[in-house]
Every structure is written in structure tokens, then in C-alpha cells.
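Please open the structure in the viewer and display it first as a cartoon.

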Amino acid sequence: MKQPDSLDSGTQMDIARYRLQTAKEDLDTAKLTYESEQFRAANNRAYYSIFHSICAVLAKEGISFKRHKDTIAFFNKNYIHTEIFPKELGRKIITAEEIRHASDYDTFYIASKEITAQQIQTAEQLLTLATKYLEKAAQDKR
């Protein structure tokens with residue numbers, strides 16, 4: 001069911017803030033599942049935190065893609081390669097996507113505590129950087 005237009009509207013920054021909140025909730029869930037030693041689920045939530053952080057940054061520009069692959073490729077090309085975000089994050093994001101896919105779909109994938117901790121750390125780093133980037137953009141707009 002489609003929501004009424006009044007609930008469907010908002011600024012690009014409203015969408016970015018919403019996606020940041022979603023990224024934070026995914027990160028919180030990743031940490032909880034990690035503490036419960038549910039590493040496959042924690043990898044999934046860490047990846048989605050990363051993905052929603054990226055979507056928040058792109059929302060500022062009014063950009064969105066249907067496929068995760070396209071979203072990540074655009075972010076890497078326009079935000080990582082241009083060094084708006086640190087270059088080392090580019091490979092970490094690709095790795096997180098690969099690990100999430102393995103955790104979700106590979107029958108015999110064993111999610112280790114160490115790898116999962118790295119995914120959560122990447123999600124935290126990107127969420128922090130995306131938040132700072134969007135806060136600065138909002139201040140510059142004033």
C-alpha cells in the first residue's frame with residue numbers, strides 16, 4: 001500500500017539522515033549478534049550498515065541504484081577514488097560485500113570471529129565518516 005504523499009516527501013538530507021539511522025541500527029544489531037557468537041548474521045548486518053552508510057552519502061546528491069553492485073561501484077568511483085573517503089575503505093567495502101555474500105549463501109562458509117570483527121570495524125569507520133561528511137555538507141548549506 002502506498003503511503004500518502006505527505007509521508008512520502010522529504011529533503012535529500014532527510015533521506016540521508018534516515019539511511020544513517022538505518023546504518024546505525026544495522027551496526028548495533030551486528031554487534032549484538034557478534035557478542036552472541038552468531039558471526040554469519042553479524043557479517044550480514046555489518047555489510048548492511050556499510051551499504052546504508054553509502055546510500056546515505058549518495059542520498060545527499062539524490063542518487064540511488066537498484067543493485068548493490070552499482071551503488072558500491074558508483075561510491076568507489078566518485079567518493080573513494082577521488083579521496084573524499086579514504087582509499088583503504090574501497091577494498092574493505094568490496095571485501096565486506098564478498099563476506100556477506102558468502103555468509104548468506106555459501107553452505108559451508110565458516111564465519112570467523114576475527115573476520116567478523118573486521119567487518120564490524122569497517123562498518124563503524126564508514127558510519128563515522130559518512131556522518132561527519134553529511135554533517136559538514138549540512139553546515140556548508142547554511
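**Stop 1: the whole chain**

The model on display is predicted. Colour the chain by secondary structure: six helices and zero strands are assigned. Followed from the N terminus, the order of elements reads α-α-α-α-α-α. The radius of gyration is 16 Å, close to the 14 Å that the globule rule gives for 142 residues, so the chain is as compact as a globular protein of that length. Orient the view along the principal axes; the C-alpha atoms then fill a box of roughly 50 × 40 × 25 Å.

**Stop 2: contacts and surface**

Of the contacts with a separation of 6 or more, 67% are made by residues 24 or more positions apart. Buried residues account for 38% of the 142 residues. Colouring by charge brings up 21 positive and 20 negative charges, whose mean positions lie 4 Å apart.

**Stop 3: Tyr 79 and Tyr 133**

Return to the cartoon and show the aromatic side chains; the structure holds 10 aromatic pairs. Select Tyr 79 and Tyr 133, which form an edge-to-face pair with 6.0 Å from centre to centre and 90° between the planes. This pair links distant parts of the chain: Tyr 79 belongs to helix 4 (residues 68-80) and Tyr 133 to helix 6 (residues 113-141), 54 residues apart. Is Tyr 79 buried or exposed? Tyr 79 counts as buried because its relative accessibility is 5%, and the cut-off for buried is under 20%.

**Stop 4: Phe 85 and Tyr 133**

Phe 85 and Tyr 133 form a tilted aromatic pair, with 5.5 Å centre to centre and 50° between the planes. Here too, distant parts of the chain are linked: Phe 85 sits in the loop between helix 4 and helix 5 (88-105), whereas Tyr 133 is in helix 6, and the two are 48 residues apart. With a relative accessibility of 2%, Phe 85 counts as buried.

**Stop 5: the ring cluster**

Which residues do the ring pairs link into a cluster? The cluster consists of Phe 75, Tyr 79, Phe 85 and Tyr 133.

How values were computed:
Residues are numbered from 1 along each chain as its sequence is written. This is a predicted model: local features need pLDDT of at least 70, side-chain atom pairs count only at pLDDT 80 or more; totals for chains, interfaces and linings use all residues. Side-chain values use heavy atoms; hydrogens and water are left out. Rings of Phe, Tyr and Trp (its six-membered ring) pair if their centres lie within 6.5 Å; planes under 30 degrees apart count as stacked, over 60 as edge-to-face and the rest as tilted. Helices (H or I, at least four residues) and strands (E, at least two) are DSSP runs, numbered from the N terminus. Buried means under 20% relative accessible area, exposed over 50%, partly exposed in between (1.4 Å probe, protein chains only). The radius of gyration is taken over C-alpha atoms; the globule rule is 2.2 Å times the number of residues to the power 0.38. Contact means heavy atoms within 4.5 Å. Lys and Arg count as positive and Asp and Glu as negative; His and the chain ends are not counted. The place of a charge is taken as NZ of Lys, CZ of Arg, CG of Asp or CD of Glu.
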